[in-house]
Amino acid sequence: MVDKKSPLPMYYQIEEDLKQRITNQEFKTSDMIPSERELSETFEVSRMTVRQAITNLVNEGVLYRVKGKGTFVAEEKIEQPLQGLTSFTEDMKTRGMEASSKLLTFEKMSAPLDITRKLQLNEGAEVYKIQRVRFADQKPMAVETNFLSAAMFPELDEQTVLGSLYNYIEKTQKQPIGKAHQMIEATIADENQAELLDIPVDSAILSIERHSTLADGTPFEVVRSSYRADRYKFISDIYRT
Ligand code: 16G
């Protein structure tokens, strides 16, 4: 419930109330929540205030709207730990989900300048550019563009990258992966990303760039990933030293 005397804004209190009811399973995934009119009567506030609360929860990925139908409870976001260098296929397996990919691009090209530098290649060296949409249980989660040194993996083919790249590198090529440096930033979906990820244009995206090296220190990939922010949250434990 809401407290009209509280210094907290009404829309915020409504957001917290609805979130609590979702946590308590009063509203479950895919359930339709009461209409704006009903909520404004229950909370004794204007419909504008209710709309503000709902819009915030939609933007947060807690609820989603279906035109002409109503507002529904979204699936809980996937929690992706930031410790551990894992592959998309492994991440999905851990959750009991099935990973699959749609291959958009597989080409050998001379490395763009920034990639040459990041992969410590000689100027003019070739790389594979691999673009994949990554699915969890047939639902699009991320779009990924990998740049891999072509000289390191001369036999890489389209069939292989439809499966797990890390599995190929470690199991088939017997090259243990060592570590990665990763950067995460907030962006919004352009038209192309929105279509591939099946989300509205301008939706929030978590953009990640990963630079990975083999156990012997050789850089082998630069990857740019765009994860759906309505489906993903990144979590980490931090320690006070
Ligand atoms: C993850 C990695 C990506 C890696 C891919 C390999 C992030 C942000 N990115 O998506 O860098 O290339 O896994 O996945 O986690 P695969 O072995 O399933 O092909």
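This is a predicted model: local features need pLDDT of at least 70, side-chain atom pairs count only at pLDDT 80 or more; totals for chains, interfaces and linings use all residues.
**Stop 1: the ligand**

Select the ligand. How many residues surround it? There are 17, and the closest are T89, R134, E144, S164 and L165. Show those five side chains before you go on.

Now pick out some polar atoms. Select R210: one of its polar side-chain atoms is 2.8 Å from an oxygen atom of the ligand. Next, select F88. Here a backbone N or O atom lies 3.0 Å from a ligand oxygen. Then move to Y166, where a polar backbone atom is 3.0 Å from an oxygen atom of the ligand. On its own, the ligand has 460 Å² of accessible area, and the protein covers 98% of that.

**Stop 2: the shell around the ligand**

Return to the cartoon view. Two helices, α4 (88-94) and α7 (165-172), each give two or more residues to the shell. So do the strands β5 (126-136), β6 (139-149), β8 (204-214) and β9 (219-228). Which element gives the most? Select β9: it contributes four residues. Now colour the shell by class.

**Stop 3: the largest pocket**

The pocket's volume is about 760 Å³. Highlight α3 (47-60), β1 (63-66) and β6: each of these elements gives two or more residues to the lining.

Which domains supply the lining? Bring back your domain colours. Domain 1 and domain 2 each provide at least three of the lining residues. Finish by colouring the lining by class: 11 residues are nonpolar, five are polar and nine are charged.

Notes: Residues are numbered from 1 along each chain as its sequence is written. Side-chain values use heavy atoms; hydrogens and water are left out. A residue is near a molecule or strand if one of its heavy atoms lies within 4 Å of it. A polar contact is a pair of N or O atoms within 3.5 Å; within protein, one must be able to donate a hydrogen and the other to accept it, and residues adjacent in sequence count only if both atoms are side-chain atoms. Accessible areas come from the Shrake-Rupley method with a 1.4 Å probe; for residues, only the protein chains shown count as cover. On a 1 Å grid over the protein atoms alone, a cavity is a set of points where a 1.4 Å probe fits but cannot get out, and a pocket is an open set with protein on both sides within 12 Å along at least five of seven lines; lining residues have an atom within 4 Å of a point. Grid points are joined across faces, edges and corners, and a volume is the space filled by probe spheres set on the points. Ala, Val, Leu, Ile, Met, Phe, Trp, Tyr, Cys and Pro count as nonpolar, Asp, Glu, Lys and Arg as charged, and the others, Gly among them, as polar. Domain bounds come from an automatic or database domain assignment.
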